[in-house]
Amino acid sequence: VFHRSTNTFSRVSIFGALFFIAGATYGLALINRSAYVTEAGVAREQPIQFSHRHHAGELGIDCRYCHTTVERTASAGMPATQTCMNCHAQIWAESPMLEPVRASYRTDTSIRWARVHDLPDYVYFNHSIHVQKGIGCATCHGRVDRMNLTWQEASLQMEWCLDCHRAPERYVRPRAEVFNMAWEPPSNQLEVGRELVHEYKIQSLTDCYTCHR
Amino acid sequence: MSDWSGGEVGVNRREFLRLMSASLALAGAGACTRQPPEAIVPYARAPEEGIVPGEPLFFATAMPLAGGALGLLVESHMGRPTKVEGNPQHPQSLGATDVYAQASVLGLYDPDRSQVITSAGEIRPWSAFLETLRAAMEAQRATGGAGLRFLTEPISSPTAIQQMRALLAEYPGARWHQYEPLARDGAAAGLRAAVGAEVAPH
């Protein structure tokens, strides 16, 4: 019924399908980790051109001056317009760039910042416990002190979370260095890390319910 | 839709399989959405109570019911009460509540709860209500409140009682009625028979 060449066709297509499926899976995995999906490394447009590089880097303002609740609560906290006006009532008080800030303060309406780090709602995340256990801001957020418009440094995908949760000794740092943006891991990080893990009683929490409550 | 109106059951087997395979093949595509962009909307001026997103505040309060009051501790998230529990420091509650207190938080979010002031179905501002009320009260003043009746639930709040007394002193002809749909009439009648006086059961 079939031509002889059909045999070859069927062999090639069965054999080729394996490669095709493998290639497609690999391609999908690449796309899934790409910046197109994770939006990592993509600077967000903001209503005000706020620069962390200028404020945290050049001026050296501590993270906690604005993100006040990062040591106490799940949310790091976003500064009220009032916090901006503490300084900007005096310096750059006439700058047209800061008009939205002054307008917000005058009219008592909030500034609508574009969220940069947006975890899915089915994930529980708490800043305070990570800060308490010696995970530095820069470990997850990157060198924010070098960003003009802020972007998301990490993919925020589950494999990224688990990478640290499986082996926290690779990333943990002394508590005193948590807010130090320029801290670099020492050459014997694993050794020091294991000591800190023991000292800070860090558990390797990889159960589903740790984050998916 | 001629495809659907065909046989007695509407869809034959082949049609069903075709539709189901198509919808199965497309079922995964529904998850291929990006997270919608979100805004962070901080305060313009932060309140002094120290409201922190995600951290509840607890308020001690009391819930009047059937002439009594129960000491409560209400959990509040970003200004919205979410859970009512007894106040452990209140001598009557000692941390316990009843079904009415537990359910009271639901009444706050009841879609049937009136959101605005209406008059004959029309939405009116609060000032219109005050104006109407003031006019009605002024009209009663001439007769000393002879045509005036107040209907309230049983009040045990000393402040509210004092305010009602002041109001009645201003309108000597007015009458004050209290009605409680869930009154413990039986207990009151029993006490009246036993003690021979009007006393409130506790």
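This is a predicted model: local features need pLDDT of at least 70, side-chain atom pairs count only at pLDDT 80 or more; totals for chains, interfaces and linings use all residues.
The charged end of Arg64(A) sits over the ring of Phe179(A), 3.7 Å from the ring centre; such a charge counts when NZ of Lys or CZ of Arg is within 6 Å of the ring centre and within 35 degrees of the ring normal. Residues are numbered from 1 along each chain as its sequence is written, chains are lettered from A and ligands numbered from 1 in the order in which they are written, and side-chain values use heavy atoms, with hydrogens and water left out.

**Salt bridges**

- Over all chains, the search finds 15 salt bridges, each being a side-chain nitrogen of Lys or Arg within 4 Å of a carboxyl oxygen of Asp or Glu.
- Arg64(A) turns up again here, in a salt bridge with Glu71(A) at 3.4 Å, N to O.
- Arg64(A) is partly exposed at 30% relative accessibility, and Glu71(A) is partly exposed too, at 34% (buried is under 20% relative accessible area, exposed over 50%, partly exposed in between, with a 1.4 Å probe and protein chains only).
- Glu99(A) and Arg102(A) form another bridge, with their closest N and O atoms 3.1 Å apart.
- These two residues are three apart in helix α6 (residues 99-107) of chain A, about one helical turn; helices (H or I, at least four residues) and strands (E, at least two) are DSSP runs, numbered from the N terminus.
- Glu99(A) counts as partly exposed at 30% relative accessibility, whereas Arg102(A) is buried at 15%.

**Aromatic pairs**

- Three aromatic pairs are found over all chains.
- In one pair, the ring centres of Phe15(A) and Phe19(A) are 5.4 Å apart and the planes stand at 70°, so the pair is edge-to-face.
- For the cut-offs, rings of Phe, Tyr and Trp (its six-membered ring) pair if their centres lie within 6.5 Å, and planes under 30 degrees apart count as stacked, over 60 as edge-to-face and the rest as tilted.
- Phe15(A) and Phe19(A) are both in helix α1 (residues 5-33) of chain A, four residues apart, about one turn.
- Phe15(A) and Phe19(A) are both exposed.

**Cysteines and the nonpolar core**

- Zero disulfides are found over all chains, a disulfide being a pair of cysteine sulfur atoms within 2.5 Å.
- The sulfur of Cys137(A) has its closest cysteine sulfur in Cys63(A), at 4.1 Å, which is too far for a bond.
- For Cys84(A), the closest cysteine sulfur is in Cys66(A), 6.8 Å away and again too far for a bond.
- Cys137(A) is buried at 15% relative accessible area, while Cys84(A) is partly exposed at 22%.
- The largest nonpolar core has eleven residues, among them Cys63(A), Cys137(A), Val70(A) and Phe179(A); such a core is a set of buried Ala, Val, Leu, Ile, Met, Phe, Trp, Tyr and Cys residues joined through side-chain atoms within 4.5 Å.
- Leaving aside neighbours within four places in sequence, Val70(A) is in contact (heavy atoms within 4.5 Å) with residues including Arg64(A), Val131(A) and Phe179(A).

- Thr38(A) belongs to helix α2 (residues 35-38) of chain A and is buried at 9% relative accessibility.
- Beyond four places in sequence, Thr38(A) is in contact with Asn32(A), Arg33(A), Gln152(A), Ser155(A) and Gln157(A).
- Val74(B) lies in strand β3 (residues 68-77) of chain B and is buried at 14% relative accessible area.
- The C-alpha atoms of Val74(B) and Phe59(B) are 5.2 Å apart, although 15 residues separate the two along the chain.
- Not counting residues up to four places away, Val74(B) touches Phe59(B), Pro81(B) and Val84(B), among others.
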